[in-house]
Amino acid sequence: MTTAGTDRLGIGIGMLSVFGLPPVELVNLAADLGCRFVSVAVQGMPLVPLGYPRFSLTDDAGLRRAVLAAMDDRGVTISLGDGFLVLPDTDISAFRADLDALAELGVPRINVVSLDPDLTRSFDQFGALTELASHRGIQTLVEPVPGLTVGDLPTGLAAVEHVGRPDFRLLIDTMHLVRSGSGAADVAAIESVRIGYAQLNDTTLRAGGGNYMEEAMFDRMVPGEGELPLRDILCALPSDIVIELEVPQKQLALDGVSPIDRLRPCVGAARRLLSEIP
């Protein structure tokens, strides 16, 4: 296992942290925060009523050109295409247009989760999506999320084993990792090439009794302000991956705190944590 440190690729701003902020504005936000990466969804919709318009990177060629121009101007790239979802009746070929749009934007990887309760069928669908994405030079990641079909790290590893391709890897989210019962030692035990990306955030060790997905989508903490063993997890992660900040803070957004003011403390905290890693 390689160690973390200053040789990491860089810090990204996750699309969930900004609740549907259009992608050109997201690129500019990341650059203003000194970050090199962003994640995007191909179909953007406001998750919180903040007045953002819906957008479609798939259908709007002009928007894709504007995003490419903004990335070139600001030195930011898209590190992840997020939001790929497998359902019981999903036709994987329907993702072709979305993948074409992401390939045009130079996106190197996508993230997939499943709501299909059939585990074997989900694994097979992951393999089919990985194959489809690979034709466009895009890798595929699976994110274990408590309550979803792939709900924990062992199931995520089983998916990686089933698909059996080097371009199908794990995405480690710090909240999901710990809340599903795993920790830094479990991450350290994984061969580093099987981990392709990480999302950094903080929370309490145990849920407060509410809806887990509601908390995950809207209420996470600045790294270092919760109870997760973030330094240990960062030490266990490979050094050659993007660390994306996925820190949605719905109440602050509704209170009028701007995206840059919500994310600035997160970026500072992430940099401090990374600087402390041997």
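**View 1. Strands β8 and β9 side by side.** In this predicted model, β8 and β9 run parallel and are joined by four bridges. One spot to look for is Leu-171, whose bridge partner in β9 is Tyr-197. If you're new to sheets, strands pair through backbone hydrogen bonds, either parallel or antiparallel. Now follow β9 along its own length, residues 195-200. Is this strand buried or exposed? Six of its six residues are buried, so β9 is largely enclosed by the rest of the structure.

**View 2. From β9 on to β10.** Next comes the pairing of β9 with strand β10, which covers residues 242-245. Three bridges hold this pair together, and the two strands run parallel. Look for Leu-200 here: its bridge partner in β10 is Leu-245.

View 3. Let's step back for a moment. Eight strands form a closed barrel, in the order β1-β2-β5-β6-β7-β8-β9-β10, with parallel pairing. From one strand to the next, the twist averages 30°.

**View 4. Leu-170 and its neighbours.** Leu-170 is found in strand β8. Who does Leu-170 touch, leaving aside residues up to four places away in sequence? The list includes Leu-141, Val-142, Pro-144, Leu-153, Gly-156, Ile-190, Arg-194 and Tyr-197. Ile-195 is on that list too, and the C-alpha atoms of Leu-170 and Ile-195 are separated by 4.7 Å, although the two residues sit 25 places apart along the chain.

View 5. Rolling a probe the size of a water molecule over the atoms shows where empty space is left. Here the structure holds one cavity of 30 Å³ or more, and about 50 Å³ of space lies in the largest cavity. Its lining is made by Pro-144, Asp-152, Leu-153, Leu-171, Ile-172, Asp-173, His-176, Leu-177 and Ser-180. The elements that give two or more residues to this lining are β8 (168-173) and α6 (174-179). Which of them gives the most? That's β8, with three residues. By type, the lining splits into five nonpolar, two polar and two charged residues.

**View 6. The largest pocket.** About 830 Å³ is the volume of the largest pocket. It has 38 lining residues, and the closest to its centre are Met-15, Asp-82, Gly-83, Phe-84 and Met-217. Several elements supply at least two residues each: α1 (23-32), β2, β3 (43-44), β5, β6 and α8 (212-218). The largest share, four residues, comes from β5. As for the make-up of the lining, 25 residues are nonpolar, eight polar and five charged.

**View 7. Helix α4 lying across the strands.** Our last stop is α4, a helix that spans residues 119-134. It lies across β5, β6 (109-114), β7 (139-142) and β8, and runs at about 160° to β6.

Conventions: Residues numbered from 1 in each chain as written. Predicted model: local features only at pLDDT ≥ 70, side-chain atom pairs only at ≥ 80, totals over all residues. Heavy atoms only, no water. 1 Å grid on protein atoms, 1.4 Å probe; cavity = no way out; pocket = protein on both sides within 12 Å on 5 of 7 lines; lining within 4 Å. Points joined across faces, edges and corners; volume = space filled by probe spheres on them. Nonpolar A, V, L, I, M, F, W, Y, C, P; charged D, E, K, R; others polar. Contact = heavy atoms within 4.5 Å. Pairing = 2+ DSSP bridges. Axes fitted to C-alpha atoms, helices over the stretch in contact; angles between N-to-C directions. Buried < 20%, exposed > 50% of the residue type's maximum accessible area, 1.4 Å probe, protein only.
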